[in-house]
Amino acid sequence: MYRKIFFSIIIFSIGSCITYRDIEFIDVHSISFSKENGCSPICADLKVYNPNQYPILIKDIDVEAHLNDKKVGNVVNDKKIKLLKQDSIDIHLIFQSDAQQILTSLVNSLGFLLGKSQNLSLSGSLKAQVFLFKKKIDITYKTDFKDLSF
């Protein structure tokens, strides 16, 4: 009986010493408009890092793509992705959009016709979960359209 109480106290003590550090959104390292890669019409790879000593589940990804501040697509993903302890992972996102919507956004922009720079931005969030605890991680990224590969 005392042995069970002793082990319960030890396990509780060790469990209360575990700290949680936020998952880090590192960068968007690949944006593609190539249909050969299955992009319809935009794909992006997000790199995130888990600084913790235990694995974390990533779920509920909700990211929007904006071209010159006009929405051109979004990702809503409910799949669970396991991020191993002290490891980084690339999360492949396929945006739901229409190529016509992107062309319309470009053509409607006077800057495109004048040769001015155009920007593509990604914004949204993903949720990380450890046991019953959930944490929302914000994602913001902006790049010049001329820096992208087609």
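Guide: Two strands pair if DSSP finds at least two bridges between them; strands (E, at least two residues) and helices (H or I, at least four) are DSSP runs, numbered from the N terminus. The model is predicted, so local features need pLDDT of at least 70 and side-chain atom pairs count only at pLDDT 80 or more, while totals for chains, interfaces and linings use all residues. Residues are numbered from 1 along each chain as its sequence is written, and side-chain values use heavy atoms, with hydrogens and water left out.

Visitor: What makes strand 7 and strand 8 a pair?

Guide: DSSP must find at least two bridges, and strand 7 and strand 8 (residues 133-144) have 12, in the antiparallel sense.

Visitor: Which strand is joined to strand 7 by 9 bridges?

Guide: Strand 3 (residues 56-67) is joined to strand 7 by those 9 bridges, and the two run antiparallel. Ile58 stands opposite Ala128 in strand 7.

Visitor: Why is strand 7 described as mostly covered?

Guide: A residue is buried under 20% relative accessible area, exposed over 50%, and partly exposed in between (1.4 Å probe, protein chains only). In strand 7 (residues 119-130), 9 of the 12 residues are buried.

Visitor: Why is the contact of Lys135 with Asp22 called a salt bridge?

Guide: The term requires a side-chain nitrogen of Lys or Arg within 4 Å of a carboxyl oxygen of Asp or Glu. The closest N and O atoms of Lys135 and Asp22 are 3.9 Å apart, so the pair meets the definition. Lys135 lies in strand 8 and Asp22 in the loop between helix 1 and strand 1 (24-32), so parts 113 residues apart in sequence are tied together.

Visitor: How do you know that Lys135 is partly exposed?

Guide: The relative accessible area of Lys135 is 36%, which lies between the limits of 20% and 50%. Asp22, at 39%, is also partly exposed.

Visitor: How many salt bridges does a search of the whole structure find?

Guide: The search finds 3. Among them, Asp90 and Lys47 have their closest N and O atoms 3.1 Å apart. This pair links Asp90 in strand 6 (residues 87-94) with Lys47 in strand 2 (residues 43-50), 43 residues apart. The side chains of Glu64 and Lys71 also meet in a salt bridge, at 3.5 Å from N to O.
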